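Me: I would like to learn how to read a structure step by step, going from the overall fold to single residues. Could you take me through one?

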Amino acid sequence: MKIKLSFKISDFTYTSSIIIQNYSLIKNQVLNISIFQNEKFINHLDLCALPKFHQYNLQEWQYTLDSFFQYNTLNLENIILDVPLFNMVKSKNTRGIEGELLFIIESVLFSVIEKCVPDVLSFIHKYPVKINGLYSSSIKMDHLPECLKIKIRPHQNNLNETIELIKSLFKIKPNILLRLDGNRRFELADLTSYIEKLERGCGPLLFSAIEYIEEPLKNAYDYYTFNQIYSYAIAIDESLEVYKNQLSQFRNLPEGLNLILKPSIFGISKSFEIIKYAASFHHNVVISSTYETATAIRPLLYLAALNPRTYHGLDTLKFLPKDLSIECENYSLNF
């Protein structure tokens with residue numbers, strides 16, 4: 001099967017500023033892709049690159065996709081989702097394609113699978129995907145989610161705001177689950193001081209409310225010391241990339257660890273593979289978005305549906321304009 005792509009780059013404005021690596025972004029561009037076979041339209045896909053986060057820009061993504069699909073023919077006979085390129089392309093020239101370039105190519109391939117051979121995905125039950133709310137002071141929550149993600153930073157203003165936020169949450173919803181995201185901003189002394197003051201300010205409900213703290217420390221070696229002082233669960237995000245080519249090493253991680261998986265960093269097939277390995281070692285996988293659009297987030301919904309027990313990090317759709325987003329019903333997303 002041979003497909004052809006047409007491209008257009010459009011501007012859009014986020015509903016509120018998003019923060020990428022300390023950089024505030026209010027406007028961005030989207031790569032609009034139309035997929036054809038023999039002039040017949042198959043599907044549409046919108047891809048966004050994040051400055052300061054993704055390695056390549058949209059023009060480079062377009063060149064990669066155009067070159068790849070001009071050169072390669074697709075085989076739909078033996079699709080395997082946890083094999084690179086879903087086993088749809090046999091060519092020596094595809095070796096070494098990984099990370100975000102693998103993700104954008106597989107996003108096109110996944111669009112083809114959904115439309116042309118949907119039975120390949122039939123083993124995944126389309127449960128409504130539960131998501132955590134992502135707290136933003138600039139976007140009002142109509143109602144509280146069951147699980148809320150809060151960004152924490154090692155300075156007094158953030159500490160004071162977080163204490164007041166959590167205290168107000170406990171008054172309305174004392175059983176709310178909290179995920180604190182530290183983004184590797186903390187030294188050990190800063191984190192222990194932050195948690196100590198947070199516990200004093202928020203009271204005894206805090207410990208049972210915190211589901212995990214997402215990779216807060218700059219130095220991974222400090223986690224051992226932190227765990228001697230506090231017994232809060234830790235989630236790994238950025239560090240997950242260390243294991244991408246040696247997934248059997250998951251057995252050496254503490255059982256039941258929370259793994260925050262961003263498919264746009266690993267590729268969709270690698271994400272299916274990671275989920276399979278993580279399940280065999282009883283780790284909890286949370287699928288996390290990098291502000292994907294409604295069409296680009298579809299493979300993430302399938303990945304998330306493989307773990308219906310947890311809340312996934314897909315609340316970023318609320319930052320996108322309506323034509324690029326999906327309506328969220330009571331903090332769950334439907335296929």
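Me: How many helices and strands does the secondary structure of the protein chain come to?

Reply: Bear in mind that this is a predicted model. The secondary structure of the protein chain comes to nine helices and twelve strands.

Me: What radius of gyration would a compact globule with 335 residues have, and what does the protein chain have?

Reply: A compact globule with 335 residues would have a radius of gyration near 20 Å, and because the protein chain has 21 Å, the two agree. The C-alpha trace spans about 65 × 40 × 35 Å along its principal axes. Of the 335 residues, 54% are buried, and among contacts with a separation of 6 or more, 69% are between residues 24 or more positions apart.

Me: What can be said of the surface and of the charges in the protein chain?

Reply: The accessible surface comes to about 16,100 Å², with 49% of it belonging to carbon and sulfur atoms. There are 34 positive and 35 negative side chains, and the centres of these two sets lie 1 Å apart.

Me: Turning to the backbone, where are Phe 86 and Asn 87 found, and what is phi in each?

Reply: Phe 86 is found in the loop between helix H1 (58–71) and helix H2 (99–116), and Asn 87 is found in the loop between H1 and H2 as well. Phe 86 has a positive phi of about 60 degrees although it is not a glycine, while Asn 87, also a residue other than glycine, has a positive phi near 65 degrees.

Me: Are Phe 86 and Asn 87 buried or exposed?

Reply: A residue counts as buried when its relative accessible area is under 20%. Phe 86 is therefore buried, with a value of 0%, and Asn 87 is buried with a relative accessible area of 12%.

Technical notes: Residues are numbered from 1 along each chain as its sequence is written. This is a predicted model: local features need pLDDT of at least 70, side-chain atom pairs count only at pLDDT 80 or more; totals for chains, interfaces and linings use all residues. Side-chain values use heavy atoms; hydrogens and water are left out. Helices (H or I, at least four residues) and strands (E, at least two) are DSSP runs, numbered from the N terminus. The radius of gyration is taken over C-alpha atoms; the globule rule is 2.2 Å times the number of residues to the power 0.38. Buried means under 20% relative accessible area, exposed over 50%, partly exposed in between (1.4 Å probe, protein chains only). Contact means heavy atoms within 4.5 Å. Accessible areas come from the Shrake-Rupley method with a 1.4 Å probe; for residues, only the protein chains shown count as cover. Lys and Arg count as positive and Asp and Glu as negative; His and the chain ends are not counted. The place of a charge is taken as NZ of Lys, CZ of Arg, CG of Asp or CD of Glu.
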